[in-house]
Amino acid sequence: MKAAEEKRDKMVDAGTIPEDRLERVHAYWRAANFLGAAQLYLKDNPLLREPLAPEHIKPRLLGHWGTQPGLNLIYAHLNRLIQDTDASILLIVGPGHGAPAILANLYLEATLADYYPNLTLDLAGLRRLEREFSWPGGMPSHLFPGTPGMIHEGGELGYSLSHAFGAAMDNPDLIVACIIGDGEAETGPLAAAWHSGKYLDPCTSGAVLPILHLNGYKLSGPALMGRMSDEELKRLFSGYGYMVRIVSGDDPYPVHKGLWHAMDWAYGAIRGIRGKACSDKIPPRPAWPMIILRTPKGWTGPKSLDGVPIEGTYHSHQVPIMDPATNPAHLKAVEAWLRSYRPEELFDAEGQPATAVTSVCPRKERRIGMNPHADGGALMVPLRLPDFAGYAVDVPSPGAVDAEGTRVVAEFLRDVFRENAEAGNFRFFCPDETTSNRMEKIFEATSRAFEWPLVKTDEFLSRGGRVMEILSEHTCEGWLEGYLLTGRHGLFACYEAFIPIVDSMLNQYAKWLKVSSETPWRKPLSSLNYLLTSHVWQQDHNGYTHQVPSFIDNVVNKKSSVARIYLPPDANCLLSIMDHCLRSRNYVNLIVASKKMNPLWLAMDAAREHCARGASVWQWASNDGGDPDVILASAGDVPTEETLAAAWLLRRALPEIRVRVVNVVDLFTLISKDDHPHGLDKSIFVELFTEDRPVIFAFHGYPRVIHELIHHRPNPQRFHVHGYIEEGRTTTPFDMLVLNKMSRFHLAIAALTRSTRLQARAGDVIDGFSERLTVHQSYIRAHDEELPEVLNWRWGTP
């Protein structure tokens, strides 16, 4: 390896490139372009060994051409760089709609045949490759988990760069080459992700090489950065913290030479930064290299069609010639285009790629498609987890003590960092909220990562920190996804109101997990874990804008093989759930828990058992004797307190009422077992909720979620759900509950209204509870604090 690097350095210094190798790179590029274009059109006659005829054309023409030549060019030159340096390079392709290009390269390097044995390097394999692209049962139009070497689909744009930096974290020998299209470069998430270099430790982590491909157009209009001058681009990215090398042109050989030198320059710069960092000579603001590649959109494709320019315009974005099977002139245009690559020079008589083509490919272990980090589950080392029971809060009796759940779980997470310090495979991601979320105990084991200069007033910052804070939920999510996809573990903590910013990212990642689980060679990954705190019911100080529990709705709609939702009622249950989630694989785990002081209801043994069941009757809070008049159920910490307070009020005001209290910690226990693996058997569901008694359900989120989950349960109309109904303001915490009709008084009134046995005696009690609601409104306006009976309430208080 050292000799190869010395040889490369001499070549770069001399400014020379061996002509025979340059010709081979060009031949490889031609072959990849041919295969990429052929996948759009051909179902037969894979190498045009006979004149192209309508019956050789697919019935449906699907896919994208415009980005392919640029992707193929970059792939070819990364191959050459790997050959010369033996670098481990993981490729992230932002323009995932250019899948035919990536498939073409994976085919030429023989990686596809390793994963899909029918895609052989011969005429039969070529025919399958071309025919099965965007064909039912074949390869989809975008990159997907079944694409070897890929961890990024690129269907929804904006996340490639944050994924790349997440993959590079704690992978010191890895270079992540990230191709960013000029359309994606306009997105907000991508704009924030440019700052990621300020968080990447050059010694303990790998490097990201951004390659911004400017081909001038998006789907149907000009790309903004494509219209910027070279000087403007250099100033922009210099400000972001990058050294920029621009390669541009529409003549292949000068572009080949420019990109060859740019790749060598970037690799040398990366090695230089890492060498300085590991010898503690890193500059205060390390500037990472990036390459900007300007080439025409749809380069080497049709110049024009029917007088309309194609190459270099948005008309080349998708399939540039749409009707060759029915238009003879257009069929000839497609044939001329495909023959312009001279496939007879690139493949032999049996359809095998020529030596001039395959000689560009690295040895098998270093092929881009075989990079081990792209199948992170195969590299994953399980976390060493301390016994969570050791962090339990002592509970002498239900509700006797209070604790801040996030502060308690932070002590556990602190020691997760300590236990895994040597492995270096756990990180905590948060948009500038770790301290606000009462989780600063984590800083006893690590600090916030920050690579730029520090000042005296900074707290908990260091270059080696493992807490990743940037005020961009998109970037936090992207970093974590890239980190997980390459075999590590993490947790994303966020204000509940602002996690919906990444709704769409969750959608895409859940789809990736679903398809990954159906891909035999993909190994399970550590789960994507969310901890949502500063939640809707205790955001009284920030007001209406911070009261948004909608992320639950999004997760509920995900595939049952992927989605899990937990609403721990207290700190001890939160510990048990956190331990479970960190051990799980291939799930999206959503945990919602308060950061405020809340009562503890269960000692640790009881909490562990309750969480294992997912839902249970709290006998200590019930007096139904197996025959309840009404069932009070809850899911969420604040709803649980209100439910217990309602049970206490009812039993105090009407001692003969028979109340059963049920708590749900695993939300999917409510759904039918036919619809989710966590759904309770019908018999167990009936044991908890009976078949016919009224259920007053206090829920953390929007009431309709519960109604949807119980749709197939016995007599679902008897469930009366109280939750967030979009009422809020800056007010007291209890008033938030009153505004949304989920206060203890509302729950007690609902219970009496629907309990038939005691209707004759319920009226006066209901009037009394209604009167307390009126008193509440007057009191908070006069005193700016809760009623003493609310503020000082404890379970079991006479």
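Which helices and which strand each supply at least two residues of the lining of the largest pocket? Hold that thought. This is a predicted model: local features need pLDDT of at least 70, side-chain atom pairs count only at pLDDT 80 or more, and totals for chains, interfaces and linings use all residues. Residues are numbered from 1 along each chain as its sequence is written, and side-chain values use heavy atoms, with hydrogens and water left out.

Back to the question. Strand 17 (597–599) does it, and so do helix 21 (637–653), helix 24 (733–739) and helix 27 (788–791). Helices (H or I, at least four residues) and strands (E, at least two) are DSSP runs, numbered from the N terminus.

Next, helix 15, residues 405–419. Its end C-alpha atoms are 21 Å apart. Helix 15 is mostly covered, with 11 of its 15 residues buried. Buried means under 20% relative accessible area, exposed over 50%, partly exposed in between (1.4 Å probe, protein chains only). Phe-412, Leu-413 and Arg-414 are among the buried ones. The cover includes strand 8, strand 9 (426–430) and helix 19 (571–583).

Last, Ala-400. Find it in the loop between helix 14 (376–379) and strand 8 (402–404). Ala-400 is partly exposed, at a relative accessible area of 35%. Beyond its neighbours within four places in sequence, Ala-400 is in contact (heavy atoms within 4.5 Å) with Leu-600 and Arg-794. Thr-797 is 397 residues from Ala-400 along the chain, yet their C-alpha atoms are separated by 9.8 Å.

Technical notes:
The expected span of a helix is 1.5 Å times one less than its number of residues.
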